[in-house]
Amino acid sequence: MDSPLLINQVIHLVEKDLDFRVLWNSDPAFWICLTTKANVPRRFSPQEILDGIPSGLYTFVPDLWLVRGGLQDFSAAAIQTRDRIWDLIGRLVTNEPLVFDPAWRASELKAISESSGIAVPNLYPYLGKYWRGGKVPDALIPEYYARGQSRSPYSESSQRAGRKKQPGAAGKKLTPEDLQHFQEAILKYHLNGGKDSLEKTYTKLLGDYYTVKDKSGNNVALMNPDDIPSRSQFFYWHWKNKDILQEAKCRDGERKYNLENRAELGKTETHLYGPGIASQIDATTADIYLVSRDDRSAIIGRPTIYFLMDSYSHIVTGMNISLDPPSWDNAARTILNAIENKVDYCRRYGVNITEEEWPCQNLPSVILGDRGEMESKTADLLVKHLSITVENAPPYRGDLKGIIEKHFHLMNLDMEGLPGFVKKDFNKRGAEDYRLEASLDIFQFTAIMIRCVLQYNNYHYMKDYRKTPQMRQLHIKPIPRDLWNYGIHYMSGGLKTMDREYVRYHLLPKGEATVTKHGIRFNKRYYSCTRAEQEKWFDIARTQHSWKLTCAYDPRDAALIYISPAANDSPIECHLLEKDRMYEGLSAEEAAWMAKADSTEAITYAPTEDFHSVQLDEFIEKTKQEAKRLASSVSSRSKAARIAEIQSNRKRENEIILQANTDTTLKTHGILSEKEVTEEEEDDMPLVQKMIHDALDKALKKEE
């Protein structure tokens, strides 16, 4: 096997039936056992693993230890616990590879223990959980979903929580009124007031609410111990309900909080010792106007292009083209494209390639953005879920910013000859409006951009790239793909692998879908999946009521959405139902544009339909009045007689119609000559026969 091991890969030792996660792939390399409760990494030889794979001693297996689901699938308490633990060990575990040195790790854990009051043996399970869970902070989420149903100790039906109370000791069954007193005391004394300690706050709580007072309002004595909450009850309630960050802000002030307590997710010292150590993401508005795929006469404006480039090799690892302005959603799609199989991605746009032509399918360790969307709170998803460090154009890394800026310049040069390209002489007298020349749709434009990227990755010779002596010895050309392959084989790098469905669910934008009797409705389109059909979701929705689900959707493809019905569930892929297959193959923007066009067409057509509806009502009313007029001239007969003759009347009417149709056919073929009917005979005809006669007469006159 030529490819090196990647960080986060899961390897199965066949002989002992054990799974290991790669934590560090440089020499020395470290991994951790996943099928035991091991909390300490162990050294291993990557070459031994690579040599053992062909013989079947080791195999690569899917990663089943990642925490599934998004933030909306976990309780606030679970998120707070995760953040509390991360504040303890975050700086330790991200200091790689030092954290794998037992002596250094022991020293740091001792310092953490002294500052936090948590014993060192109790810190190791946090490290193990982080490493086994994929080196992401979400691995620290408590597994509440695997526990039994919890009961509130404050509900009316439950007994007083805790150990049995000693005689004469304080303690009671807490009520909602007691909890309100706790809250008021915390706000009044511990946070916003004199910033008293919890012990002092408890004393003042008793003085305010649990003492016997005289007529002047002075405290005379404490209440009966059975009517007073104990110190442990108060402390436990505070521990369960406190907001650490909010308390820090209230007690120390916003300014001091920002200085000493806020998360430090910014710049880190990054050395480019291989692919994936750092990547840069940026966006630009393309200098070209596009048209709609559905209506080629409709000009839809200029697209936004996003590129993710590896800072070491300068290769484009991910791209995204859409009609939306620069945003976090667009940046997330670009990062998602970085781990996508490029053969499949290119095939969707009619471009056939081999894996060697675009070999990038991994996540980087650091992403450098240009502020904007990468400074948004949403970008914390990269840190919390994928353990990717986010940087925002540090001053000493202007050279990396220049890499992607230069790439945009090259792309614009490739676009100059395209129809709809923005021309510099637009404002000159007599110049044609280049927007009217637009003829490419976003699908065709994306295919062209893919070709431009392939040309750049595989054949662009970077004259200013400074090669190392080893590169010169191996005759490595300064071409992005050659540098990428060289870095993977001869440098350690920082490329990471992670389950694609897991990454896709966390990076794609979220929306709210509804399970209905017609299917899973999202953005006026209907989807289904195997699980929904097997569990009869749609039957339940029809029998009882519909319900909401959080879904992730790919704006590039309206044919798919992803749902995670329960905590720790893997994302489920849902496909369009047959009735909405018209949207298959379209991006979400195109589907939305098509829906808007249909809505506009329906609105503008409504007056025409209304007018013809008025005409229809008018015709029906006239016919109804004529029928009533003719019915009034019928001789009066008993109701019973009229009812009794229905069958005979029906038979006679069919005979009249049959005869009339026969006569019409014979006359049409010239076999039967037209018979003149006198006015007296016409008056004596039954109503239906008279109508047939009139219709026949009109048809014959029309033929003449």
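Some ground rules before the residues. Residues are numbered from 1 along each chain as its sequence is written, and side-chain values use heavy atoms, with hydrogens and water left out. Because the model is predicted, local features need pLDDT of at least 70 and side-chain atom pairs count only at pLDDT 80 or more, while totals for chains, interfaces and linings use all residues.

I start with the rings. The whole structure holds 18 aromatic pairs; rings of Phe, Tyr and Trp (its six-membered ring) pair if their centres lie within 6.5 Å, and planes under 30 degrees apart count as stacked, over 60 as edge-to-face and the rest as tilted. How is the pair of Tyr-236 and Trp-239 classed? Their planes stand at 35° with the centres 6.2 Å apart, so this pair is tilted. Both residues belong to helix α7 (residues 231-241), three residues apart, or about one turn of the helix. Helices here are DSSP runs of H or I with at least four residues, strands are runs of E with at least two, and both are numbered from the N terminus.

Next, Trp-537 and Trp-547 make an edge-to-face pair, 6.3 Å centre to centre with 65° between the planes. Trp-537 is in helix α19 (residues 537-543) and Trp-547 is in strand β18 (residues 547-553), so the pair ties together parts ten residues apart in sequence. Is each one buried or exposed, or partly so? Trp-537 has 7% relative accessibility and counts as buried, whereas Trp-547, at 25%, is partly exposed. The cut-offs are under 20% relative accessible area for buried, over 50% for exposed, and partly exposed in between, with a 1.4 Å probe and protein chains only.

Two lysines also meet rings. Lys-579 lies over the face of Tyr-526, 4.3 Å from the ring centre, and the charged end of Lys-342 sits over the ring of Trp-358 at 5.4 Å from its centre. The rule is that NZ of Lys or CZ of Arg is within 6 Å of the ring centre and within 35 degrees of the ring normal.

Now back to β18 and its partner. Strand β15 (residues 510-516) pairs with β18 in the antiparallel sense over six bridges; pairing takes at least two bridges found by DSSP. One of the bridges puts Lys-510 with Ala-552 of β18. Strand β16 (residues 519-522) is also antiparallel to β15, through three bridges, and Val-515 stands opposite Ile-520 there. A hairpin of two residues joins β15 to β16. Why is β15 described as largely enclosed by the rest of the structure? Because five of its seven residues are buried.
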